[in-house]
Amino acid sequence: MLKFFQSSLRNKLLVSFIFIGLLPFVILLSYTLFLSENKIVNKSIKEQFSRANEVVSLIENHIVSIQKELDFISSLDLMDDILADDIDKRISILLSKKRTDFSLDLALFVVNEKGVIIASSENELLLKNFSHFSELSKKKVIIDSKLYVSSIIYASFDSTKKLGYLVLKYNLNNLQVYLPHETTMHSYITKSDSSFKLGSNVDLDVILKKDRESLITSHHVIVYEKLKGILKDYYLVYAVDKAVALKFLYDFIAFMLYMAIPILLLIIYISLRYSKNIVKPIERLTLATRNITKEQDYSGVLAINSQDEIAILTDSFNDMIQTTSSALHNLEKENELRLKRFIQLIEVFNTIIQTTSQDECIDVSLEEIKKITLKDDLHFSKNRVENSIDLYVTDFEKDEKIYVGSISLALESFTDENEHAFYNSIASMIMLQLDRIRLISRTMVVSKAKSAFISNMSHELRTPLNAIIGFTQFLIIYEELTEDQQDTVANIESSAHYLLGMINEILDIAKIEAGKMEAHKEDVNLVEIVQSSYNMLQPLADDKGVEFRLTTEAFALDVFKTDPKIFQQIITNLLSNAIKFTEIGEVSFELSSDEHRVYVKIIDTGIGIEEEDLAKLFSDFTQVENVMQKKHKGTGLGLSLSKKMAHILGGDIQLFSKGLGKGSTSLFTLERSVS
Amino acid sequence: MKAIVTYLIGTLLSLQLFSDEYAVVTNNSVESVTLGQIKALFLKKTGYLGNRAIVPVNLSSRNPIRVSFEKRVLHMSFNRLKSYWTKQHYLGHRPPISMKSQASVNAFIQKVDGSIGYMRLEKVANGMKIVYRWSD
C-alpha cells in the first residue's frame with residue numbers, strides 16, 4: 001500500500017484529490033446526520049417562539065386597542081345623554097354602529113351610576129341591572145370566559161362628574177382568529193387549569209409550568225407562552241408535527257445519501273482526470289529523458305502545453321538539454337581538434353623519423369613545428385638562448401650528452417605548462433631521432449668495417465688453405481707414405497676442406513651483408529635443379545642409411561625465373577641439414593607450386609628442435625653454433641645464410657618442429673610474381 | 001321621512017294653535033339669571049354664576065325652538081353664530097352640549113345641578129325654575 005503511494009506521483013495526487021474532495025462532503029454529511037437535527041429543532045422552536053410571541057403581542061395590542069376605542073367613545077360629549085337616560089337613543093345607536101365596526105362577538109353597553117344599563121348595542125340588555133357592576137372598578141375583568149372592558153364616563157362639562165361606565169363584553173372565542181390552523185401545525189389558547197380551551201383539539205398533554213417553554217414529544221415540537229395583561233393566566237400553545245419540522249432535514253439527509261455515490265464517482269472521475277492531466281507532462285518528460293539517454297540524441301525539444309510549474313520544469317529541462325547538447329557538440333569539436341593535433345603530432349614524428357641526417361632532422365622539425373604552432377619566428381642556433389629548447393645527443397661510447405644547439409621560440413616565458421611539455425616532448429623526439437641517426441650511421445660504419453674485415457680475412461685465409469689442401473692432396477697421391485701417415489694427411493685435408501667451406505660461407509654472408517651478392521635471374525627448369533641436388537646428396541643419405549625421396553608431381557611450371565646457383569645452394573643447404581640431423585628414418589623432398597608461390601618442402605624424421613630455439617636458428621650464427629655445434633659438424637651458418645639468400649631471391653624459409661626428437665620441416669617459398 | 005315631516009308640521013300647527021311661548025329654565029340650584037347672563041352663558045363667555053358652575057344645554061341645531069331662541073334671546077343669526085363658534089373653536093371653547101329632544105333637556109335639567117336650558121313653556125316641569133320667557 002505504501003509502495004502504491006511512493007511509486008507514483010499520480011497516485012499521491014489521486015488520493016489527495018479524493019481525500020480533499022470527500023472530506024467536506026463527509027463532514028457535511030456527518031454534520032447533518034449527527035448535529036443538525038438539534039439545530040433544526042432549535043431553529044424550529046425559535047421560529048415557533050417568535051411566532052407565538054408575535055401572536056401574544058397581537059392579542060395584547062388587540063385588547064389595548066379595544067380599551068383605547070372604549071376610552072375614546074366614553075370621552076364623547078354624546079355620553080352626556082346618560083344624564084337624560086339616553087332617551088334619544090343616541091348612545092345606543094352609536095354603540096350598535098361600533099359593534100358592527102368591530103365585527104366580533106361582543107356587546108357594548110353603558111351602565112349608569114346606579115348599575116342600570118341605559119344604553120346598549122343589544123336591545124335585550126336595556127334597563128336591566130348589570131350584575132357585575134361592582135367589578136367595573138377594574139378596567140378589565142374576565143368572568144365566565146367573557147372579558148369585560150370598561151371605561152368610566154365623565155360629564156363633558158364637568159370632568160369630575162362621573163356619569164357611569166362604558167362596558168365592552170368580549171367573548172374570548174374571538175381570539176380564534178389569532179390561532180393559525182394548518183394540518184401540520186396546531187395552536188390553542190388555554191388556561192393552566194384547563195378550564196378554558198380555544199383552538200385545535202389535538203391532545204398534547206402539555207403541562208404548563210413556566211411562562212414560556214419548549215418541549216419535544218415523540219410526535220411534536222411544542223412551545224407555549226403566557227399571554228400578557230388581563231390574559232396573563234392564559235397560555236398560547238404552538239405545536240408542530242415533528243416530521244414537518246424536521247422534514248427539510250430528513251429530505252436533506254436522504255438527498256445527501258442518494259448523492260453520495262454519484263458525488264463519490266464524480267470526485268474519483270475528476271481526481272483521475274486531473275491527476276492524469278497533471279502527471280501527463282511529467283510522464284512525457286520522463287519518456288523524453290529516457291529517449292534521450294537511449295538514443296543519445298540531445299537535439300530534441302519537449303513541447304508542453306501548460307503554464308504551470310511543469311512548463312517551467314520543461315523549459316529548464318529544454319535549456320539543460322540544449323546546454324548539454326552544445327557542451328557535447330563543443331566536446332566533440334574539441335576532441336576532433338585534439339585528434340587532429342594528435343595526428344599532426346604523429347605525422348610530425350613520422351616525418352622526423354624519416355630524416356636521415358642531423359641537419360635535415362633539425363630543419364624538418366623546425367618546419368613541422370612551424371606548421372603546428374603557426375609560428376614563423378623559430379630558429380635553430382648553435383648557442384644557448386633564453387626560452388629555447390635545448391637539444392642534446394648521446395655519445396654512446398662515453399655515455400654522456402653532447403650539446404647540439406637550441407631551437408629558440410621567441411617567447412618571453414612559458415605561460416602554459418602544457419605548452420612547455422609539448423615543446424619538451426617534441427624536443428625529446430628530435431633528440432631521439434638525432435640519437436637514432438647517429439646510432440644508425442655509426443652502426444652502418446661498424447657493420448661495413450666488419451664485413452670488409454671478414455671479407456679481407458677470408459681472402460687472406462683462403463690462400464694458405466688452398467696451399468694446405470693442395471699439398472695434402474699431393475701427399476695422399478704420393479705413394480710412399482705409410483697408412484698411418486696417409487690417415488693423418490687425410491685428416492689434415494678434410495679439416496682444411498671444412499675450414500675452406502666455413503670461410504666460403506662466411507664470405508658469402510659478408511658479401512650479403514655488404515650488399516654485394518646479387519641475384520642473376522634467368523629462366524631455369526627447377527625440376528632439373530632439384531633433381532641434381534637430389535642426386536648430389538643421395539650418396540650421403542645412403543651412407544647413413546636414411547631413406548631419401550623426391551616428389552615433383554605437384555609442380556606444374558616448365559620454367560621459372562630465378563638465380564639457379566643461389567637456388568641450388570639454398571636447397572642443398574636445407575637437404576644436407578636434414579640428412580645431417582637424421583640418423584634413422586627418412587627425408588622426403590617435395591617440389592610444388594600454386595598460383596602465387598613455388599614451394600620446396602623438406603620433411604625429416606631427425607632430432608627436431610625445441611620450439612623456443614626455432615627463432616634463434618636464423619638470427620645470429622654464433623648462437624647457432626652454441627646450440628648445435630656441440631654434437632654435429634657444420635658451421636651453423638647454413639640456415640642463416642640460406643635465409644639471407646632466399647631473401648635475395650624474394651622468398652623466405654620457415655622451419656617447423658614439434659619438439660626435440662620429433663623431426664622437423666623446412667619450407668622454402670618463392671613468390672611467383674617476383675620472378 | 002315623510003312621517004317626520006308630517007309630525008313636525010303637525011306639532012308646529014298645534015303649537016301655533018295653543019301658544020308660542022317659550023321659557024329659559026334652570027335647575028333649582030340656580031337662583032336668578034338676567035338676560036345678559038343667559039346670553040353670556042350660552043355664548044360660553046362665562047361658565048359660572050357666583051360660585052356655581054353652569055351647564056348650558058342646547059337643542060339640536062335645526063330645532064325651531066333653538067332657532068327662535070337664537071333669534072329672540074341671543075339676537076344672533078345662524079350665520080353669525082356659526083362664524084362666532086368657528087372663532088371660539090380656535091380659542092379652545094366649545095359650544096354648549098346639545099340634546100336631541102325637549103324631553104332629554106327636561107330630564108337633564110332636573111338631574112344636573114347648575115344646568116340651564118330652554119323649552120316650550122307648557123313643557124316646563126316641577127323642580128326647575130323659569131328664569132326668562134319669550135314668544136314669537
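Colleague: OK, so a nonpolar core is a set of buried Ala, Val, Leu, Ile, Met, Phe, Trp, Tyr and Cys residues joined through C-beta atoms within 7 Å. Which members of the largest nonpolar core touch the most other members?

Modeller: Just keep in mind that this is a predicted model. The largest nonpolar core has 53 residues, and the ones touching the most other members are F109(A), V110(A), V25(B), V57(B) and F108(B). The largest share of this core comes from strand β5 of chain A, residues 162-171, with six residues.

Colleague: What about a second core, which residues are in it?

Modeller: A separate core of 30 residues includes I566(A), I571(A), F581(A) and V600(A). As a general rule, nonpolar side chains in soluble globular proteins tend to be buried together.

Colleague: Back to V57(B). Where does V57(B) sit?

Modeller: V57(B) is in strand β4 of chain B, residues 55-59.

Colleague: And why does V57(B) count as buried?

Modeller: Because V57(B) has 25 other C-beta atoms within 10 Å, and the cut-off for buried is 20 or more.

Colleague: What does V57(B) touch, leaving aside neighbours within four places in sequence?

Modeller: Its contacts include P96(B), I97(B), M99(B), F108(B) and I109(B). M99(B) is 42 residues away from V57(B) along the chain, and the two C-alpha atoms are separated by 6.9 Å.

Colleague: Let's zoom out. How many helices and strands are there in chain B?

Modeller: Chain B has five helices and seven strands. In sequence order the pattern reads α-β-α-β-β-β-α-α-β-α-β-β. Of its 136 residues, 23% count as buried.

Colleague: And what does the secondary structure of chain A come to?

Modeller: Chain A has 14 helices and 20 strands. It has 675 residues, and 23% of them count as buried.

Colleague: New topic: strand β18 of chain A. Which of its side chains are buried?

Modeller: In β18(A), residues 597-604, the side chains of V598(A), V600(A), I602(A) and D604(A) point to one face and are buried.

Colleague: What is β18(A) joined to by bridges?

Modeller: Seven bridges join β18(A) to strand β17(A), residues 586-593, and the two run antiparallel. A hairpin of three residues links β17(A) to β18(A). V600(A) is the bridge partner of L591(A). Eight bridges also join β18(A) to β20(A), residues 664-671, again antiparallel. There, D604(A) stands opposite S664(A).

Colleague: Last one: in the open sheet with β11, β12 and β13 of chain A, what is the strand order?

Modeller: The order is β11-β13-β12, with antiparallel pairing. β11(A) and β12(A) stand at the edges with a single partner strand each, so one side of each has no neighbour in the sheet. From one strand to the next, the twist averages 30 degrees. Helix α8(A), residues 417-477, packs on the sheet and touches β12(A) and β13(A).

How values were computed: Residues are numbered from 1 along each chain as its sequence is written. Chains are lettered from A and ligands numbered from 1 in the order in which they are written. This is a predicted model: local features need pLDDT of at least 70, side-chain atom pairs count only at pLDDT 80 or more; totals for chains, interfaces and linings use all residues. A residue is buried if 20 or more other C-beta atoms lie within 10 Å of its own, exposed if 12 or fewer, and partly exposed in between; C-beta atoms are placed from the backbone. Helices (H or I, at least four residues) and strands (E, at least two) are DSSP runs, numbered from the N terminus. Two residues are in contact if their C-beta atoms, placed from the backbone, lie within 7 Å. Two strands pair if DSSP finds at least two bridges between them. Axes are lines fitted to C-alpha atoms, for helices over the stretch in contact, and angles run from 0 to 180 degrees between N-to-C directions.
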